[in-house]
Amino acid sequence: MDPADLNAVVLLGAAVLLAAVAAVRISTRAGLPSLLVYLAIGLALGESGLGLQFEDAELTQVLGNVALAMILAEGGFTTQWSAIRPVAPLAGVLATLGVFVSVAVTSGLVLLLLDVDLRTAIVLGAVASSTDAAAVFSVLRQLPVRGRLRAVVEAESGFNDPPVIILVTVVTSDAWNSSGALGIAGQIGYQLLAGVALGFAVARCGVWLLARSALPASGLYPLATLAIAFLAFAVSGIAGGSPIMAIYVAGLVLGNSRLPHRAATDSFVEGLAWLAQIGLFILLGLLASPDRLLDALPTALIVGGALTLVARPLSVLLCATPFGVPWRDQAFISWAGLRGAVPIVLATIPMSVGLPGAERVFDVVFLLVVLFTLVQGPTLPWVARRTGAALAVGARDVTIDSAPLEDLDATLLQLSVPPDSRIAGVEVAELRLPEGTAVALALREGRLFVPADTTVLRAGDHLLIAAPRDARPEIEERLRRVSRDGRLAGWYSRLPPRVRPLTATGGPRP
């Protein structure tokens with residue numbers, strides 16, 4: 001490649017990346033996962049658009065697995081364990097038993113309705129049954145949904161990818177002919193347990209190491225954190241476990257530990273996850289052939305309808321009823337199971353191993369994801385309201401960032417008040433933050449001032465809060481409670497109820 005070609009490639013890559021970043025705003029406003037826009041970009045660049053030829057399914061599978069690992073690592077890293085711990089048993093059952101129920105029902109309906117063999121039916125059912133973490137996170141975190149329901153759907157989407165990946169890999173390998181049902185179940189069980197154990201062990205060792213390291217630059221801590229997550233991925237794969245499960249668990253452990261320079265790590269991991277999503281979906285769009293998609297449309301509608309309207313609701317019913325989940329919540333969980341990158345990446349596995357009819361499977365799954373995401377994504381807010389899953393008041397969590405002051409054993413928290421937060425209208429004193437905490441500075445409409453206890457907070461305000469390092473979790477929990485429930489939000493804390501004045505000097509009283 002000469003310099004002129006390199007410049008052209010870099011120019012195209014930069015233009016595509018900028019277009020993909022701009023598309024996030026469009027997809028967010030439409031209530032759609034950004035994957036649809038990225039897939040469209042890939043199709044536009046492909047053989048029916050600009051004419052780029054790309055048909056390497058094996059390379060797509062390898063790069064897709066790495067991108068999925070990055071996306072799941074970020075999903076685990078940004079998930080609060082305190083939020084998913086109460087729903088972990090239900091999410092675990094949905095991600096294992098629920099997935100296998102969906103696979104069985106979808107495969108059975110495919111056998112009845114389509115002229116395919118058993119192996120192809122199982123592959124189609126398995127590939128389509130996994131919900132997608134990236135799609136779920138991008139849509140649900142924009143909706144004012146009750147925390148418990150959001151936690152169930154998000155945890156399920158993170159946990160259910162590994163079982164399906166393992167199942168598809170086993171069914172498309174020689175194990176289909178050499179192993180019985182018990183043998184396949186044993187392989188799946190071992191890989192899941194090994195992935196969980198190794199991901200947890202590697203992450204805990206990494207946290208211990210980071211806490212005792214004094215790296216010369218703050219930018220090295222995000223790199224080290226990401227390296228620990230991918231170390232768990234590699235160790236689990238070498239040991240025969242599930243790399244995807246290991247990196248999700250590692251991300252969960254790392255994200256819920258006290259890490260140096262946490263804010264820098266958060267931003268770094270989030271940016272890489274976005275890059276992984278953009279690259280993955282554009283690559284999948286390039287691999288698709290629009291000329292074949294039209295022929296796969298009837299099959300995609302049949303498989304997608306069987307999965308969305310029969311298999312998914314039945315699996316949620318069987319798994320959630322023993323936990324006492326009301327039927328309205330079950331309906332929301334069922335409809336919120338969005339598909340995305342995972343099914344399409346899984347559809348490349350049959351292509352890479354040369355399974356008969358593999359191209360047909362890929363086309364069907366590609367169309368299924370696009371069509372049913374177009375239906376489910378925009379209608380999810382309506383379903384949330386109809387089922388009672390939406391919050392009574394459209395309040396979203398405030399945005400909280402923090403930076404450690406290591407020499408002072410303190411931390412600085414930056415609070416951003418979104419337009420629909422109930423923290424707007426609350427006085428500073430009514431936040432009832434723990435002792436030793438001070439609201440040190442406020443930024444409002446470009447003007448800095450020191451707020452008084454009686455300063456009324458407004459949407460769009462940015463506050464700088466200084467606090468003891470140990471008090472950070474309680475402060476964040478308190479601020480999120482007030483954002484959701486207003487000034488009367490309950491405050492359950494291990495800190496003494498007595499508070500002292502938040503500021504030593506007064507400020508303007510709006």
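This briefing describes helix packing, salt bridges, a surface patch and some backbone details of the structure above. The structure is a predicted model, and every value below is computed from it. The model holds 5 salt bridges, and one of them, between Glu156 and Arg312, ties together parts that are 156 residues apart in sequence, because Glu156 lies in helix α8 and Arg312 in helix α15. On the surface, four leucines, namely Leu441, Leu443, Leu448 and Leu464, form a nonpolar patch.

**Helix packing**

- Helix α12, which covers residues 220–238, and helix α13, which covers residues 243–255, have axes that come within 8 Å and cross at roughly 150°. The two helices are therefore roughly antiparallel to each other, since angles over 145 degrees are counted in that class.
- The crossing in which α12 passes α13 is right-handed.
- Helix α2 (residues 35–45) packs against helix α14 (residues 262–287) at an angle of about 45°, and their axes are 7 Å apart. That angle makes α2 oblique to α14, and α2 passes α14 in a crossing that is also right-handed.
- Leu286 belongs to helix α14 and is buried, with a relative accessible area of 15%. The C-alpha atom of Leu286 is separated by 9.2 Å from that of Ala40, although these two residues are 246 residues apart along the chain.

**Salt bridges**

- The side chains of Glu156 and Arg312 meet in a salt bridge with an N to O distance of 2.6 Å. Glu156 sits in helix α8 (residues 147–159) and Arg312 in helix α15 (residues 290–320), so the contact joins parts of the chain that are 156 residues apart in sequence. Both Glu156 and Arg312 are buried.
- Glu476 forms a salt bridge with Arg480, in which the closest N and O atoms are 3.5 Å apart. Both residues lie in helix α19, which spans residues 472–485, and they are 4 residues apart, or about one turn of the helix.
- Glu476 has a relative accessible area of 12% and is therefore buried, and Arg480, with a relative accessible area of 14%, is likewise buried.

**Surface patch**

- The nonpolar patch formed by Leu441, Leu443, Leu448 and Leu464 has about 300 Å² of accessible area together.
- One of its members, Leu443, lies in strand β3, which runs over residues 438–444. Leu443 counts as partly exposed, because its relative accessibility is 31%.

**Backbone and strand details**

- Arg432 has a phi near 50°, which is a positive value in a residue other than glycine. The residue is found in the loop between β2 (410–416) and β3, and Arg432 counts as partly exposed because its relative accessibility is 34%.
- Glu445 has a phi near 55°, again a positive value in a residue other than glycine. Its place is in the loop between β3 and β4 (447–449), and Glu445 counts as exposed because its relative accessibility is 76%.
- Ala467 is located in strand β5, which covers residues 462–468, and at 4% relative accessibility Ala467 counts as buried. The C-alpha atoms of Ala467 and Pro434 are separated by 8.6 Å, while the two residues are 33 residues apart along the chain.

Key: Residues are numbered from 1 along each chain as its sequence is written. This is a predicted model: local features need pLDDT of at least 70, side-chain atom pairs count only at pLDDT 80 or more; totals for chains, interfaces and linings use all residues. Side-chain values use heavy atoms; hydrogens and water are left out. Patches are made of residues with over 30% relative accessible area and no salt bridge: like charges are joined within 9 Å, nonpolar side chains (Val, Leu, Ile, Met, Phe, Trp, Tyr) within 5 Å. Accessible areas come from the Shrake-Rupley method with a 1.4 Å probe; for residues, only the protein chains shown count as cover. Buried means under 20% relative accessible area, exposed over 50%, partly exposed in between (1.4 Å probe, protein chains only). Axes are lines fitted to C-alpha atoms, for helices over the stretch in contact, and angles run from 0 to 180 degrees between N-to-C directions. Angles under 35 degrees count as roughly parallel, over 145 as roughly antiparallel, 65 to 115 as roughly perpendicular and the rest as oblique. A crossing is left-handed if the near helix is turned anticlockwise from the far one by less than a right angle, and right-handed if clockwise.
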